[in-house]
Amino acid sequence: MKKSGAEKKKTRRSSASVQNVSRDPGSGTPPRKKAAKKDVFQLFAEKVRDHKDLVSRWAVLQETRVEYFRGKDFVSFMKNRSELKEILESDRNLETEDIADILLQKNLLVRCDRVVKTVRPGKKKLSTWPAHLETFPEQVFSENDAFFAWTFVKRRPLWQTILSFIWPVLTLAICLFPVYPHRCKLLILYCCAGALLLILSLLLLRAAIFGAAWIILGKRVWFFPNILAEEATLRELFRFWPKKDEEERPKWTARLFYAIVAMLVILLLRHHAPNEAARARYQKRMSNIIDDVLEWSPSLALSGTMDKQTAFNATENNNNFSNESNATSQSTSADETGNLDQPDQHENDSM
């Protein structure tokens, strides 16, 4: 017997319901995929890297600038900050060496070694923080003269994101500087001059302190050691207290030689220094130039232009009038001279 159309539809619906029940007996909808949970060691590495108590530096690893730390610093950091292990959840009871080995296996860290392995001439020991590194053959954690660099990209802080939006606005503002009001130009001039004067004063001060300490005490003392560094972080830039001098003490002969050179330079500058009259003239000249720049304004400039144009026209009219009067006087004098000469000629003819 042939089935009707309604029976065929019922059969299809029943078969479809049976298939759905067989797929998911608990519900009629397929199960959703669970969200992938982030690796706890990745979270731990990010937290440790952002922590300020872990001492780290920047160096060049195979033409790539990386942030690295020492193995002994990592061990001491984990002893003082053991609460960070709670991020590892079930692996919180692992030892520091085991945690570091897992970070190495997950390629969150890479063990490095210094490129220069010999003591340079004039130094007693190797540099504590080398500027150039290379990959170590054995990727195993160690405390003894071992360096470890982070391999993942550091999470960008909020201020960097805000700064990325500010830079285009700042560039456009610099390009529009010629159309600023006069008071804004003066404010920018004072700010730039003050910042430049501050930087030059700091450079002269740190150079004077370094020279005096090097000659008198034989020590190298650099305040603001990274003030001119191109690849320094903000924290390193404003490190006021200098680092410990690890280089060899200079010889007394070199210190005496540079002391004599410094005294000769000071005496030479003092001998050729300008006198009070020359200094006053130079100061007056410079103050006049600065006053002309600071006191300038568009209204005064326009009024000055109009005054100059009026004075020029008045001068030109006066010159024309004087030229015409001179020509008239010359022609009058010539006529008078001619009239005077004519009677003389008549007298000569009559005689």
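Tutor: The protein chain exposes about 27,600 Å², and carbon and sulfur atoms supply 61% of that area. Accessible areas come from the Shrake-Rupley method with a 1.4 Å probe, and for residues only the protein chains shown count as cover. The model is predicted: local features need pLDDT of at least 70, side-chain atom pairs count only at pLDDT 80 or more, and totals for chains, interfaces and linings use all residues. Residues are numbered from 1 along each chain as its sequence is written, and side-chain values use heavy atoms, with hydrogens and water left out.

Student: Why is R114 called buried?

Tutor: Buried means under 20% relative accessible area, exposed means over 50%, and partly exposed lies in between (1.4 Å probe, protein chains only). R114 has a relative accessible area of 5%, so R114 is buried. Of the 351 residues in the protein chain, 19% are buried.

Student: How many salt bridges are found in the whole structure?

Tutor: The search finds nine. One of these joins E67 and R49 (3.0 Å, N to O). E67 lies in strand β2 (residues 64–70) and R49 in helix α2, so this pair ties together parts 18 residues apart in sequence. Helices (H or I, at least four residues) and strands (E, at least two) are DSSP runs, numbered from the N terminus. E67 and R49 are both buried.

Student: Are D73 and R70, which also form a salt bridge, buried or exposed?

Tutor: D73 has a relative accessible area of 14%, so D73 is buried. At 17% relative accessibility, R70 counts as buried too. Their side chains meet at 2.8 Å, N to O.

Student: What makes E95, E97, D98 and E143 a patch of negative charge?

Tutor: Patches are made of residues with over 30% relative accessible area and no salt bridge; like charges are joined within 9 Å, and nonpolar side chains (Val, Leu, Ile, Met, Phe, Trp, Tyr) within 5 Å. Lys and Arg count as positive and Asp and Glu as negative; His and the chain ends are not counted. The place of a charge is taken as NZ of Lys, CZ of Arg, CG of Asp or CD of Glu. E95, E97, D98 and E143 gather in such a patch on the surface. E97, in helix α4 (residues 96–105), has 32% relative accessibility, so E97 counts as partly exposed.

Student: Which residues of α4 are buried?

Tutor: T96, I99, A100, I102, L103 and L104 are. The buried residues of α4 pack against α2 (40–50), α3 (71–80), β3 (109–114) and β5 (147–150).

Student: What is noted about the phi of N107?

Tutor: Most residues other than glycine have a negative phi. N107 is not a glycine, yet has a positive phi of about 60 degrees. N107 is found in the loop between α4 and β3. At 57% relative accessibility, N107 counts as exposed.

Conventions. A salt bridge is a side-chain nitrogen of Lys or Arg within 4 Å of a carboxyl oxygen of Asp or Glu. Contact means heavy atoms within 4.5 Å.
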